[in-house]
Amino acid sequence: FFELSVIGLGYHVMKTNNNKLRFALGHNHFIFVNIPKSIKVYSKKNSLLLLSSDMKKLNNFKTSIINLKPLNSYKEQGIYDTTKILKFKAGKQIKN
C-alpha cells in the first residue's frame with residue numbers, strides 16, 4: 001500500500017461516486033483521474049490510501065498521481081509519498 005498526501009493552500013482530493021478521483025490543485029478547474037479496477041482508494045481531505053495486490057500497477061498509478069503536481073521544494077506545495085523523507089530548500093534571504 002501507499003499513502004499520498006496533498007499539501008498546499010486550497011489543494012484537496014476527493015473520491016467521486018463513479019470510481020474517479022477529483023483533484024483541486026490550484027488550477028481554475030478540477031482534474032479527474034480514473035481509478036483502475038485492481039486498485040482500492042480511500043481518501044480524506046488531504047490524503048489518499050492506495051491498496052492493491054499488484055505492486056506494478058499500484059506503483060504506476062502512484063507515479064501518475066504524483067506527476068499531476070509534484071512537490072515544490074521551495075513553496076512546500078504538491079503531492080508526495082508520505083514514506084519518503086522531505087527536504088525543503090530555504091528561500092531568498094533578506095539583507096538589512
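Biologist: Which residue does the side chain of Lys62 make a polar contact with?

Modeller: In this predicted model, the side chain of Lys62 makes a polar contact with the side chain of Asp81, at 3.5 Å.

Biologist: Is Lys62 buried or exposed?

Modeller: The call rests on relative accessible area, and buried means under 20%. Lys62 has 8% relative accessibility, so it counts as buried. Lys62 belongs to helix α1. Leaving out residues up to four places away in sequence, Lys62 touches Phe2, Leu4, Leu50 and Asp81.

Biologist: How should I read strand β3, and which strands are joined to it?

Modeller: In a regular strand the side chains alternate between the two faces of the sheet. In β3 (residues 20–24), four of the five residues are buried, so the strand is largely enclosed by the rest of the structure. Strand β2 (residues 12–15) runs antiparallel to β3, joined by four bridges, and Val13 stands opposite Phe23. Strand β4 (residues 31–34) is also antiparallel to β3, with four bridges; there, Lys20 has Asn34 as its bridge partner.

Biologist: Which residues take a positive phi in the two hairpins?

Modeller: The hairpin of β2 and β3 has four residues between the strands, and Asn19 takes a positive phi near 60°. In the hairpin of β3 and β4, with six residues between the strands, Gly26 takes a positive phi near 90°.

Biologist: Which residues touch the most other members of the largest nonpolar core?

Modeller: That core has 20 residues, and those touching the most other members are Leu21, Phe23, Val41, Leu48, Phe61, Ile65 and Ile79. Two or more residues each come from β1, β3, β4, β6 and α1. Helix α1 gives the largest share, four residues. Take Phe23: beyond its neighbours within four places in sequence, its contacts include Val13, Phe30, Val33, Leu48, Ile65 and Ile79.

Notes. Residues are numbered from 1 along each chain as its sequence is written. This is a predicted model: local features need pLDDT of at least 70, side-chain atom pairs count only at pLDDT 80 or more; totals for chains, interfaces and linings use all residues. Side-chain values use heavy atoms; hydrogens and water are left out. Buried means under 20% relative accessible area, exposed over 50%, partly exposed in between (1.4 Å probe, protein chains only). Two strands pair if DSSP finds at least two bridges between them. A nonpolar core is a set of buried Ala, Val, Leu, Ile, Met, Phe, Trp, Tyr and Cys residues joined through side-chain atoms within 4.5 Å. Contact means heavy atoms within 4.5 Å. A polar contact is a pair of N or O atoms within 3.5 Å; within protein, one must be able to donate a hydrogen and the other to accept it, and residues adjacent in sequence count only if both atoms are side-chain atoms.
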